[in-house]
Amino acid sequence: MQIIIVIALALLAGGIYLIHRFGGGVTKTPPLQVSEDNGWTTIATTPAPLPLRITAISVIFATGLAIMVGVSKSSSNPTSDMTPLFVVLVWLGSGILIRRMWQGYHDGRRKVVHFPVQVSAQGIRLGSLHIPPDRIYAITRRNGQDGRVVVVAGRGAALGVSQMAAGTLSLLTKISHTVEVEHDGQSTVLAGGLTEPQANAVATEITRRLPGFG
């Protein structure tokens, strides 16, 4: 019996890892990479990972869905030996999908930019956008997480959910810093989804290479 419990826990831990790994697109790349090429400096950032509770929430939703599917499958075909495997696949697949949906949503809120910024004495390049130095008015740092949560007095689960939401927002705020350029009467995000040290480093790397900013 103990062996079965150990195996079940190991499978559960492995499944949660897969949901976190493939659902969150977790990579081992450095938080900041700076390279020089032909007079241009390329600054590539890896957005800070979302809090682990986002994966936990995804697992909870996926577990609920898998249980409903399992009950429905068992009711329609009680003698099937494939039901457990099918339920596990539903759990994994839905967990990864839900985690990806959370990632996309929060990346949008955090203003994540998925390609590097280039800077030189000739200005700033971001994809197809090229901003000459004389059109750059300022390099700014902001926080892309502009939501606000108010915890209202409550009982039991209601208060717990409110407190968890407030705690999650606090964690997200710490990894939602952006570096932006003000130009031509508008502001363009150069890098987002960063920690404060990342944002400081990116802003420093950019300003030291722009004429009149360093």
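**Exercise 1.** In which loop is Asp 184 found?

*Solution.* First, a word on the model: it is predicted, so local features need pLDDT of at least 70 and side-chain atom pairs count only at pLDDT 80 or more, while totals for chains, interfaces and linings use all residues. Residues are numbered from 1 along each chain as its sequence is written, and side-chain values use heavy atoms, leaving out hydrogens and water.

Now find the strands (DSSP E runs of at least two residues, numbered from the N terminus). Asp 184 sits in the loop between β7 (177-183) and β8 (186-194). Next, look at the backbone: phi of Asp 184 is near 50°, a positive value in a residue other than glycine. Finally, Asp 184 is partly exposed at 35% relative accessibility; buried means under 20%, exposed over 50%, and partly exposed in between (1.4 Å probe, protein chains only).

**Exercise 2.** Work out whether Asn 38 is buried or exposed.

*Solution.* Start with its place, the loop between β1 (32-37) and β2 (40-45). Then check phi, which is near 55° for Asn 38, a positive value in a residue other than glycine. With 72% relative accessibility, Asn 38 counts as exposed.

**Exercise 3.** Trace the open sheet of five strands.

*Solution.* Begin with the order, β1-β2-β3-β4-β5, with antiparallel pairing (two strands pair if DSSP finds at least two bridges between them). The edge strands, β1 and β5 (129-131), each pair on one side only. Then zoom in: three bridges join β2 to the antiparallel strand β3 (residues 117-120). Opposite Thr 41 you will find Val 119 in β3.

Technical notes
Helix = DSSP H or I, 4+ residues; strand = E, 2+ residues; numbered from the N terminus.
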